[in-house]
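Visitor: Could you take one part of this protein and walk me through it closely? I'd like to see how that part sits in the whole.

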Amino acid sequence: MNRTSDIIVTERLVLRTWRQGDLDAFAEMHADPSVMGDLGGPISREESRAKLLRYISMYEDLGFSRYCVEDVDGKFVGYVGVCPRDEGQIIGKHNEIGWRLCKDVWGKGYATEASSACIVEFKRVHPASEIISYTSIDNKRSQNVMTRLNMDREPSRDFQWRDTDGSSIQMLVWVSK
């Protein structure tokens with residue numbers, strides 16, 4: 001199996017595989033209503049634990065997943081990385097680049113810096129694989145990151161996503177060049 005690197009170092013960040021000890025910071029980020037505003041609101045510690053375990057398992061099984069992102073001082077700032085998607089996805093099987101950062105680091109360019117490094121690393125290992133990203137129509141912050149990543153909008157692939165409360169959200173799709 002071809003694996004992405006366990007650690008990626010950028011100018012200001014360290015992206016690494018997950019550890020069980022990351023749960024406290026991971027759960028705290030997911031408990032922030034501002035951070036989770038685009039996906040139905042905060043999730044519980046147990047939901048965060050399940051998500052963290054999925055990321056750990058995904059890396060072990062597939063050789064790629066979301067990375068834990070820290071600043072150069074070792075402070076947790078969020079996650080970024082590529083995940084395979086196929087379970088019930090309206091747009092079919094795909095590899096999705098995604099990110100979620102703690103609110104106190106928004107606006108510093110970390111999402112772009114970390115995502116760019118992840119795309120390069122994923123393409124090194126899986127050169128023929130397409131990477132897509134999507135976000136709600138009103139999430140301008142993520143749309144700006146996708147633009148800075150030189151991703152192309154593909155309106156023909158946009159879709160409606162059903163939130164946990166049953167509401168419908170228009171999702172915009174972007175594709176890595």
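Predicted model: local features only at pLDDT ≥ 70, side-chain atom pairs only at ≥ 80, totals over all residues.

Guide: Some background before we zoom in: with 177 residues, a compact globule would have a radius of gyration near 16 Å, and the protein's 15 Å agrees with that. Its C-alpha trace spans about 40 × 35 × 30 Å along the principal axes. The fold is built from four helices and nine strands, and from the N terminus they run β-β-α-α-β-β-β-α-β-α-β-β-β. Of the 177 residues, 49% count as buried. Among contacts with a separation of 6 or more, 60% come from residues 24 or more positions apart.

Now for α4, which covers residues 140-148. Ser142, Gln143, Val145 and Met146 are the ones to click on here: they are buried, meaning under 20% relative accessible area. Looking down the axis of α4, you'd find its buried residues within an arc of 155°, so they line one face of the helix. The general rule behind such a pattern is that an α-helix has 3.6 residues a turn, so residues three or four places apart point the same way.

What do the buried residues of α4 pack against? Their partners are the strands β5 (94-101), β6 (131-136) and β9 (168-175), along with helix α3 (110-125). Finally, follow the chain out of the helix: just after α4, Asn150 takes a positive phi of about 60°.

Note on methods
Residues numbered from 1 in each chain as written. Heavy atoms only, no water. Helix = DSSP H or I, 4+ residues; strand = E, 2+ residues; numbered from the N terminus. Rg over C-alpha atoms; globule rule 2.2 N^0.38 Å. Buried < 20%, exposed > 50% of the residue type's maximum accessible area, 1.4 Å probe, protein only. Contact = heavy atoms within 4.5 Å. Arc of directions from axis to C-beta.
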